Amino acid sequence: MGAASVSEYVASLNEEQRRHVSAFIDFVSAEYPQLIPKISFSMPMWLLGKKMYEGYVAVSAAKGHFSVHFSDEEFLNRLSESLPACKKGKRCINIPYGDEVSLRAVEESIGDFLKLYRWEGSAPR
C-alpha cells in the first residue's frame with residue numbers, strides 16, 4: 001500500500017529523493033499556501049479545483065530524477081522545449097537530481113501554469 005499522507009510519502013524516499021522532493025513541496029507551500037497537497041496516484045498533488053480535470057501539479061521521485069507533473073500537455077510541451085537537460089514523460093518533466101537551473105525554471109513556470117486555469121490565489125474562478 002502507498003503512502004497515506006504527504007509526510008509518509010516523503011519519509012519513504014531515500015535521502016537524495018527526499019531532499020529534492022521536500023524542497024519542491026516547500027516551494028509550493030511557501031509560494032502558493034492556498035494550494036493544499038494531498039496524496040493522489042501515490043504522489044503529492046495540488047489540485048486547482050475539486051477534481052483533477054480542473055488542473056493539478058504533482059511531484060514524484062524516481063531513481064535518477066524527480067518529476068513535476070502538470071495537467072496541461074500543451075503547457076508541458078512548451079516548458080520541455082526550454083529545458084534541454086530534462087526529459088519529458090507523460091504529463092511530467094523529469095528533472096535530474098542536482099539540476100538546480102531546470103528546477104528553478106520549472107518553479108518559475110508554475111505561476112504561468114496557474115494562470116491557464118484562472119487560478120489567482122484563493123480558489124479557481
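These legends walk through several close-up views of one predicted model.

In this predicted model, local features need pLDDT of at least 70 and side-chain atom pairs count only at pLDDT 80 or more, while totals for chains, interfaces and linings use all residues. Residues are numbered from 1 along each chain as its sequence is written, and side-chain values use heavy atoms, with hydrogens and water left out.

**View 1. Helices α2 and α4 pack with their axes within 11 Å.** Helices here are DSSP runs of H or I with at least four residues, strands are runs of E with at least two, and both are numbered from the N terminus. Helix α2 covers residues 15-31, helix α4 covers residues 100-116, and their axes cross at roughly 25°. Axes are lines fitted to C-alpha atoms, for helices over the stretch in contact, and angles run from 0 to 180 degrees between N-to-C directions. The two helices α2 and α4 are therefore roughly parallel (angles under 35 degrees count as roughly parallel, over 145 as roughly antiparallel, 65 to 115 as roughly perpendicular and the rest as oblique). The crossing of α2 past α4 is right-handed, meaning that the near helix is turned clockwise from the far one by less than a right angle. From α2, the residues H20, F24, F27 and V28 meet E100, L103, E107 and I110 of α4; contact means heavy atoms within 4.5 Å. This contact of α2 with α4 includes 5 nonpolar, 1 polar and 2 charged residues. In this grouping, Ala, Val, Leu, Ile, Met, Phe, Trp, Tyr, Cys and Pro are nonpolar, Asp, Glu, Lys and Arg are charged, and the others, Gly among them, are polar.

**View 2. H20 sits in helix α2.** Is H20 buried or exposed? H20 is buried, with a relative accessible area of 6% (buried means under 20%, exposed over 50%, partly exposed in between, with a 1.4 Å probe and protein chains only). Setting aside neighbours within four places in sequence, H20 touches F66, Y97, G98 and E100.

**View 3. Helices α3 and α4 have axes 11 Å apart.** Their packing angle is about 150°, and α3 and α4 are therefore roughly antiparallel. On the α3 side the contact uses F75, R78 and L79, and on the α4 side A105, V106, S109, D112, F113 and L116. The contact of α3 with α4 has 6 nonpolar, 1 polar and 2 charged residues.

**View 4. The largest nonpolar core has 31 residues.** A nonpolar core is a set of buried Ala, Val, Leu, Ile, Met, Phe, Trp, Tyr and Cys residues joined through side-chain atoms within 4.5 Å. Which residues have the most contacts inside this core? They are F24, V68 and F70. At least two core residues come from each of α1 (6-11), α2, β3 (56-61), β4 (65-70), α3 (73-81), β6 (92-96) and α4. Another core, of 5 residues, lies apart from it and includes M43, L47, Y56 and A58.

**View 5. F70 belongs to strand β4.** F70 is buried, with a relative accessible area of 0%. Beyond neighbours within four places in sequence, the contacts of F70 include F75, L76 and L79, as well as V106, S109, I110 and F113.
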